[in-house]
Amino acid sequence: MPQHSAAHRAPDVFAPAALGPVRLRNRTIKAATYEKRARGGLVTDALIDFHVAHAAGGVGMTTVAYCAVSPEGRTDGHQIHWRPEALPGLRRLTDAVHAEGAAASAQIGHSGPVGNPWSTGGPALSPGRTLNPLTMRTTPATHRDLARIVRAHGSAARMAIEAGFDAVEVHLGHNYLASSFLSPKLNRRKDEYGGPLQNRARLALEITRAVRDAVGDRIAILAKLNMDDGVPGGFWLDEAAVVAQWLEQEGTVDALEMTVGSSLLNPMYLFRGDAPVHDFAAHLPEPIRSGVKIAGPRFLRGYPYEDGYLLEDARQIRAAVDLPLILLGGVTGRDVMERAMGEGFQFVAMARALLREPDLINRLQEQQRTRSLCNHNNKCMTTIFGHGTRCVLAPAPDRAAPRVPHDGAG
């Protein structure tokens, strides 16, 4: 059984640390945040600038999100998907991040029922027929679909090495494809991918095996795993702990980042704080706009924010496994970081706080009492409809459209 003594000496969050085969300059990670800065599935200068800012700001590793393993696995037609044409631009990005002393991770996955067939031109694959509130259309995945997607994860991980990434983060959360199969609410299949947890976890385990088989120990492998879908009848902590144990037993991942929520059914459950329903509606075309104004408060439900808001649930995963764990959710200052280290977490991940202040890690090292200026209004979420995800309280960046090199290299 895992042993985590309260008397162990907590590591220094700002000291170098090993993450699988990778050595990070500290234990802070820029969490995957959909940047909305790719164009035509290729890297832009604006996407590189976004990650360079976080690297220069002091994080140990920055995560490029979201890089789909296949064209239909995107939530937006402009998102990067893994193919040879994307590699030169991704190499420019990793080189620029490395020049600032940080490591680079690529989030890989398939959007599944969260996908947007109107934008990508491909089906939004799901365990069965599922209603997507925004795009309406989903398509049950066949065995051939699943086998192709498993192979595509391995191929994506190999290309990540070619592009100079230090790590990949396999997306097993938020009711994207693998997470939707884990969910008893969404997965009603009668075959070997449905029913008991062992079957519902089959796809996630096949994906992580394919990634490990593809890359061995050449780069670190992380997985973002849901603890709680945030909906009645969904995937929850008791099953999440078992899946975490299976991943540990198989040796397919070097660390787990525990998350919550469903981009399909309850997106605000992850973010906590204000639910900017009317801001979302303002960016959508009719009749979706009117529908969001009417039904939005049920779909985009607000939840009270508190620092370290996922810590209580993540403790239960910490008690179940010895795998390195990354604490996500309300990490805004040294107090939460040090509490996480004291409770046996090896890394912390930050998203909104770094959107507000990309240099927050440097300032936290210099001034112990520094705290994030993020006020959790969550209006950053609505900026994906513009030129790129950003904090609305921070100085506005150049509004020019992100540039893609003329040679198409990214």
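Two exercises with worked solutions follow, on a predicted model.

Residues are numbered from 1 along each chain as its sequence is written, and side-chain values use heavy atoms, with hydrogens and water left out. Because the model is predicted, local features need pLDDT of at least 70 and side-chain atom pairs count only at pLDDT 80 or more, while totals for chains, interfaces and linings use all residues.

**Exercise 1.** Determine where D254 is found, whether D254 is buried or exposed, and which side chain a polar contact joins to that of D254.

*Solution.* Start with the position: D254 is in the loop between α8 (237–250) and β10 (255–260), where helices (H or I, at least four residues) and strands (E, at least two) are DSSP runs, numbered from the N terminus. Next, D254 counts as buried because its relative accessibility is 15%, buried meaning under 20% relative accessible area with a 1.4 Å probe and protein chains only. Finally, the side chains of D254 and R212 are joined by a polar contact of 3.2 Å.

**Exercise 2.** Identify which residues of helix α13 are buried, how they are arranged around the axis, and what they pack against.

*Solution.* First, the buried residues of α13 (residues 334–342) are R334, V336, M337, A340 and M341. They lie on the same side of α13, because they cover an arc of only 165 degrees around the axis, the arc being that of the directions from the helix axis to the C-beta atoms. The buried residues of α13 then pack against β3 (28–30), β11 (325–327), β12 (347–350) and α15 (360–366), with contact meaning heavy atoms within 4.5 Å.

Conventions
Buried < 20%, exposed > 50% of the residue type's maximum accessible area, 1.4 Å probe, protein only. Polar contact = N/O pair within 3.5 Å; in protein donor to acceptor, adjacent residues only side chain to side chain.
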